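Below is a briefing on one protein chain. It covers the fold, the surface and a few selected residues.

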Amino acid sequence: MPKKRCGWVSESNSLMLEYHDREWGVPVHSDNKHFEFLILEGAQAGLSWSIVLNKREGYRRAFSEFDPKKVARFTEKRIQKLLLDPGIIRNRQKVEAAVRNARGFSRFRRSSEVLMRTRGALSEESRK
């Protein structure tokens with residue numbers, strides 16, 4: 001029996017098939033994976049998802065394995081270099097947005113970690 005797939009999946013595109021069968025609709029619990037999809041979805045705006053999937057490995061390399069802490073430290077010089085990289089979609093607004101999002105993502109994670117530590121300390125205190 002053939003595998004049931006969504007109508008947007010092209011049977012001739014192995015990356016789309018792989019994405020649909022292994023990632024589409026699967027819960028994500030990794031910060032780097034969340035950040036990866038944030039970057040890729042931003043790059044996709046106005047384009048087809050298959051174009052972005054074809055450049056995914058280029059994005060992985062260009063954006064430090066989707067590590068938001070590293071991307072948050074990208075300088076203007078690094079952004080200029082990315083704009084010359086044919087492995088990604090070379091749109092200044094999208095690249096700058098990815099770096100801004102990394103900075104915001106990193107701030108969010110730091111504040112969440114502080115909150116969790118604070119809650120843990122409060123919970124311990126309330127148990128006494």
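**Fold and overall numbers**

The protein chain has seven helices and zero strands, where helices (H or I, at least four residues) and strands (E, at least two) are DSSP runs numbered from the N terminus. This is a predicted model, in which local features need pLDDT of at least 70, side-chain atom pairs count only at pLDDT 80 or more, and totals for chains, interfaces and linings use all residues. Residues are numbered from 1 along each chain as its sequence is written, and side-chain values use heavy atoms, with hydrogens and water left out.

- Read from the N terminus, the order of elements is α-α-α-α-α-α-α.
- The protein chain has 128 residues, of which 34% count as buried; buried means under 20% relative accessible area, exposed over 50%, and partly exposed in between (1.4 Å probe, protein chains only).
- Taking contacts between residues at least 6 apart in sequence, 50% join residues at least 24 apart; a contact means heavy atoms within 4.5 Å.

**Surface and positive patch**

- The accessible surface of the protein chain is about 8,800 Å², and 55% of it belongs to carbon and sulfur atoms; areas come from the Shrake-Rupley method with a 1.4 Å probe, and for residues only the protein chains shown count as cover.
- Lys69, Lys70, Arg73, Arg100, Arg103, Arg107 and Arg110 form a positive surface patch.
- Patch residues have over 30% relative accessible area and no salt bridge, with like charges joined within 9 Å; a salt bridge is a side-chain nitrogen of Lys or Arg within 4 Å of a carboxyl oxygen of Asp or Glu.
- Lys and Arg count as positive, with the charge placed at NZ of Lys and CZ of Arg.
- Helix H5 (68-71) and helix H7 (92-126) each supply at least two residues of the positive patch, and H7 gives the largest share, four residues.
- Arg103 lies in helix H7 and is partly exposed, at a relative accessible area of 34%.

**Leu82 and its surroundings**

- Leu82 belongs to helix H6 (residues 76-82) and is buried, with 5% relative accessible area.
- Leaving out residues up to four places away in sequence, Leu82 touches Ala62, Phe63, Phe74, Ile88, Arg90 and Val95.
- Between Leu82 and Tyr59 there are 9.7 Å in space, C-alpha to C-alpha, and the two are 23 residues apart in sequence.

- Ser64, in the loop between helix H4 (56-62) and H5, has a positive phi of about 50° although it is not a glycine.
- Ser64 counts as buried, at 16% relative accessibility.
- Phe66, in the loop between H4 and H5, has a positive phi near 60° and is likewise a residue other than glycine.
- Phe66 is buried, with a relative accessible area of 1%.

Conventions: Patches are made of residues with over 30% relative accessible area and no salt bridge: like charges are joined within 9 Å, nonpolar side chains (Val, Leu, Ile, Met, Phe, Trp, Tyr) within 5 Å.
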